[in-house]
Amino acid sequence: MNISMASWTRSRGYSTPRNFIQRAIRLAGRLLASLGLIVAVTFLSFRLVPVNEMTAGFLYLVAILFIATAAGLVESTMASIAAMLCFNYYFLPPVGTLTISDPRNWVALFAFLATSLTASQLSARAKRRTREVIDSQNEIERLYSLSRALLLTDATRPIAKQIVERIAQAFESPAVALYNRSTGEIFRAGFDDPAAIDAELKDAAVRSEFLRDEDRGLTITPIRLGRQPIGSLAVRGASLSDAALQSLVNLVAIWLERALSEETLNRAEIARRSEELKSTLLDAIAHEFKTPLTSIKAVTTDLLSDPAAGLDQHHRELISIADEGADRLSTLVTQAIQLARIEGGKFQLNRGIHFPSSLISSALRQMKSLTDGREIKVCVAEELPLVSVDAELVEMVIAHLIDNALKYSPRGTPISIGARMSDGHAIIYVADRGAGIGEEEQSRIFDKFYRSTKEQHLRGTGMGLAIAREIIHAHGEEISVTSKPGEGSEFSFSLPLAPRSGE
């Protein structure tokens with residue numbers, strides 16, 4: 001961001017009556033002092049210690065150089081004109097008049113005036129450059145001091161608040177305010193009217209406008225990072241050059257961005273730790289459920305399979321309900337453990353080389369009790385290459401997709417399971433002829449605990465597809481769904497090919 005006086009879009013107070021009167025009084029005082037010095041030199045050279053015109057001219061030049069150094073160009077220019085008139089009146093014949101009889105004295109007079117004006121300009125320019133160098137050095141030292149102070153910020157306090165305090169200290173400013181647009185927070189130090197400065201800070205950030213109000217000694221500038229304003233800064237009582245202001249704004253922008261980055265990292269770390277804690281607790285609770293569930297399942301199975309138990313039809317139905325409930329609860333606990341381990345980063349891939357067809361066959365064997373009585377069509381393309389996967393986890397994904405298809409398709413319709421090649425990847429798919437999934441739901445069905453609003457009567461936890469997605473992502477691949485309402489759905493996922501021999 002390049003700041004120059006021409007780039008200021010708003011400016012207030014540059015010519016207020018009070019400032020104008022004060023400047024005029026100060027200028028008049030310096031002019032009177034300068035003319036008084038010329039009068040003193042004239043009196044000394046003409047009355048007290050009479051000298052010739054050459055010595056008088058030299059004394060006048062010394063006085064003008066002193067005025068140019070101590071005051072400025074305007075004062076030294078007026079002193080030069082006054083010295084020329086005094087030199088002519090008191091030292092060039094005819095003395096006591098402003099006329100010159102000898103033409104050569106005209107040359108001397110104008111040479112004296114030109115020398116005086118040139119000397120005053122050179123002296124004033126040197127003084128101005130010296131002052132600029134000193135001011136620039138002071139600004140650099142203050143910016144360096146500010147940079148060092150910001151490196152020592154306290155991590156337990158808001159960085160924006162510390163930036164305000166450090167700027168006020170480094171530039172000896174009585175009032176500093178900072179608006180952080182990303183958070184909407186305003187940090188102030190020394191402002192008596194916070195409501196007014198808050199409104200001006202927000203306006204400067206929104207409109208990206210600069211404001212310099214000399215009447216209040218206030219400078220407000222937007223803070224940019226790239227092209228986007230990220231806040232604004234107000235400084236009162238500190239006279240800053242354009243270069244120093246630009247450096248200050250850039251420094252504040254960098255530290256605000258750093259504060260945002262640190263806050264983002266802290267939030268991510270807190271979220272990660274919270275997720276780990278939640279996963280650990282869920283894993284522990286799920287394991288605690290496993291033991292009584294195993295006992296319940298053993299009892300119900302034994303009662304249902306033992307003819308000697310002598311159960312009547314009513315009691316057998318009740319125990320069957322308890323047995324089914326135990327199976328369902330066991331499934332929920334197993335899925336909770338799987339999800340907790342995946343989210344907690346506690347599972348690792350045990351990759352091996354496998355045929356896609358063997359993965360499908362193994363998953364179907366696991367689901368045999370659920371697929372009995374359903375038409376399952378298996379279609380695996382010939383000569384499919386080997387894949388490098390964790391077989392147990394991929395079979396779990398296929399089982400989840402088969403279970404999903406069984407739930408959401410009519411009992412008399414077939415389910416298709418197969419594998420094919422596409423774009424250098426092996427694709428495994430599971431298709432059904434159910435009611436289909438609308439476009440608005442297709443982007444959400446892989447979210448944890450999401451269940452279709454149209455099939456609330458079906459049992460499910462909403463964890464199966466989320467687990468499947470995480471397992472496939474862990475392999476570096478993708479899982480997706482293709483569906484149209486009334487035409488069924490096809491879930492498919494890609495698998496990485498095994499490296500060929502010699503690669």
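**Reading aromatic pairs and a charged patch**

Guide: Y89 is partly exposed, with a relative accessible area of 33%. Keep in mind that this is a predicted model.

Visitor: How exposed is Y90?

Guide: Y90 is partly exposed too, at a relative accessible area of 28%. Buried would need a value under 20%.

Visitor: How many aromatic pairs are there?

Guide: Ring centres within 6.5 Å make a pair, and planes over 60 degrees apart make it edge-to-face. The count here is five aromatic pairs. Y89 and Y90 form one that is edge-to-face, with 4.9 Å centre to centre and 75 degrees between the planes.

Visitor: Why is the pair of F446 and F491 edge-to-face?

Guide: Look at the angle. The planes of F446 and F491 stand at 80 degrees, so the pair counts as edge-to-face; the ring centres are 6.1 Å apart.

Visitor: Which parts does that pair tie together?

Guide: F446 sits in the loop between α12 (439-442) and α13 (464-474), whereas F491 belongs to strand β13 (residues 489-495). The pair therefore joins parts that are 45 residues apart in sequence.

Visitor: Are F446 and F491 buried or exposed?

Guide: Both F446 and F491 are buried.

Visitor: Which residues do ring pairs link into a cluster?

Guide: The cluster holds F46, Y60, Y89, Y90 and F91.

Visitor: Now charge. Which residues form the positive surface patch?

Guide: A patch takes residues with over 30% relative accessible area and no salt bridge. Here R125, R128, R129 and R131 form a positive one. Take R128, in helix α4 (residues 103-151). R128 is partly exposed, with a relative accessible area of 38%.

Conventions:
Residues numbered from 1 in each chain as written. Predicted model: local features only at pLDDT ≥ 70, side-chain atom pairs only at ≥ 80, totals over all residues. Heavy atoms only, no water. Phe/Tyr/Trp six-rings, centres within 6.5 Å; stacked < 30°, edge-to-face > 60°. Buried < 20%, exposed > 50% of the residue type's maximum accessible area, 1.4 Å probe, protein only. Helix = DSSP H or I, 4+ residues; strand = E, 2+ residues; numbered from the N terminus. Patch = residues over 30% accessible without salt bridge, like charges linked within 9 Å, V, L, I, M, F, W, Y side chains within 5 Å. Areas by Shrake-Rupley, 256 points an atom, 1.4 Å probe, with all protein chains shown as cover. Salt bridge = Lys/Arg side-chain N within 4 Å of Asp/Glu carboxyl O. Lys, Arg positive; Asp, Glu negative; His and termini not counted. Charge placed at Lys NZ, Arg CZ, Asp CG, Glu CD.
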